[in-house]
Amino acid sequence: MVKPADTKTAAGRKAPKGTRTAAETEKIRAALSARREELTIEHSQTLSEITVLQRDRFTDSAGDDQADTGTKTFEREQEISLANSILDRISQVERALERLDEGGYGWCERCGNPIPVERLAAFPSATLCVTCKQLEERR
C-alpha cells in the first residue's frame, strides 16, 4: 500500500527546539559579542584609513591623467566595498544574537532542522543548515 504524500513543506515544519543550558547560552553570547566588537573595531579602522587616503588623494591629484583618476576611483570603490562587507558581517552577528535571545539560534530558518555544531563553530552567525545554504547558493 502506498502512503499518501506529506503535504507539509519543509518551511512549514518546525523541529522541536532543544534546550540549551544557561552556561552554553552565555558562552555563545560572549563569543558572538566578542566577534561583534572585533568587527566594529575593524570597521572603525577601515573608515579611518579611507578618510586618510581620501585626504591624501585630494591633495596629491595635481597633474593626474585619466588613468590615475580611474585607478584612484577604483581603489576608493574597493575600500568602500570592504567597509560595507564588514558592516554586513556585523549585521549577521547582531541577527545571531537576536536569534539567541528568541531561542531560534542553532536552528535553520528555512527548514527548522538543527544547524550542525561544526557549521556553527566555523560560522557562528549561520542561519541556514548546510543543505538549505547550498540550495540558496545554487539560485
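# Notebook: salt bridges, core and helices

**Entry 1, a salt bridge to start from.** I looked up Glu136 and Arg110 and found their side chains joined in a salt bridge, 3.9 Å from N to O. Glu136 belongs to helix 4 (residues 130-138) and Arg110 to the loop between helix 2 and helix 3, so this pair ties together parts 26 residues apart in sequence. I then checked how accessible the two partners are. Glu136 is partly exposed at a relative accessible area of 34%, and Arg110 is also listed as partly exposed, at 26%. I note here that the model is predicted.

I read the mean pLDDT of the protein chain as 82, with 81% of its residues at 70 or more. Which residues stay under 50? I found that stretch at residues 1-16, where the model has 10 contacts beyond four places in sequence. Where pLDDT is low, predicted coordinates should not be read in detail. I therefore leave the coordinates of such a stretch alone.

I counted 4 helices and 0 strands in the protein chain, and from the N terminus the order is α-α-α-α. The protein chain has 139 residues, of which 24% count as buried. It exposes about 10,000 Å², with carbon and sulfur atoms supplying 55% of that area. I also looked at contacts with a separation of 6 or more: residues 24 or more positions apart account for 57% of them.

I compared the span of helix 2 with expectation. Its 37 residues, at 1.5 Å a residue, should span 54 Å, and the end C-alpha atoms are 53 Å apart, which agrees. Which residues of helix 2 are buried? My list reads Lys72, Glu79, Ala83, Ile86, Ile90, Val93, Ala96, Leu97, Arg99 and Leu100. Just after helix 2, I noted a positive phi of about 90° at Gly103.

I found 17 residues in the largest nonpolar core, and the members touching the most others are Leu32, Tyr105, Cys108 and Cys132. Two elements give two or more residues to this core: helix 1 (22-59) and helix 2 (66-102). Helix 2 gives the most, with 6 residues. I followed Tyr105 further. Not counting residues up to four places away in sequence, Tyr105 touches Arg20, Ile28, Leu32, Ala96, Arg99, Leu100, Leu120 and Pro124.

I picked Leu39, placed in helix 1. Is Leu39 buried or exposed? At a relative accessible area of 1%, Leu39 is buried. Beyond four places in sequence, Leu39 touches Ile86, Arg89, Ile90 and Val93. I also took a C-alpha distance from Leu39 to Asp88: 9.9 Å in space for 49 residues in sequence. His43 is likewise in helix 1, and its relative accessible area of 13% makes it buried, because the cut-off is under 20%. With neighbours within four places left aside, I found His43 in contact with Ala83, Ile86, Leu87 and Ile90.

I placed Arg99 in helix 2 and found it buried, with a relative accessible area of 6%. Residues up to four places away not counted, Arg99 touches Gly104, Tyr105, Gly106, Trp107, Glu109 and Thr127.

Side chains of opposite charge can pair when their charged atoms come close. My search of the whole structure gave 10 salt bridges. What links Arg95, Glu98, Arg99, Glu102 and Glu109? These residues are linked in a network of salt bridges.

I looked at two of the pairs involving Arg95. Glu98 and Arg95 meet through their side chains at 3.5 Å, N to O. They are 3 residues apart in helix 2, which means a separation of about one helical turn. Glu98 is partly exposed at a relative accessible area of 42%, and Arg95 is partly exposed at 30%.

The other pair is Glu109 with Arg95, a salt bridge whose closest N and O atoms are 3.0 Å apart. Glu109 lies in the loop between helix 2 and helix 3 (117-122) and Arg95 in helix 2, so the pair ties together parts 14 residues apart in sequence. For Glu109 I recorded a relative accessible area of 38%, hence partly exposed.

Technical notes
Residues are numbered from 1 along each chain as its sequence is written. This is a predicted model: local features need pLDDT of at least 70, side-chain atom pairs count only at pLDDT 80 or more; totals for chains, interfaces and linings use all residues. Side-chain values use heavy atoms; hydrogens and water are left out. pLDDT is the predictor's confidence in each residue, from 0 to 100. Contact means heavy atoms within 4.5 Å. A nonpolar core is a set of buried Ala, Val, Leu, Ile, Met, Phe, Trp, Tyr and Cys residues joined through side-chain atoms within 4.5 Å. Buried means under 20% relative accessible area, exposed over 50%, partly exposed in between (1.4 Å probe, protein chains only). The expected span of a helix is 1.5 Å times one less than its number of residues. Accessible areas come from the Shrake-Rupley method with a 1.4 Å probe; for residues, only the protein chains shown count as cover. A salt bridge is a side-chain nitrogen of Lys or Arg within 4 Å of a carboxyl oxygen of Asp or Glu.
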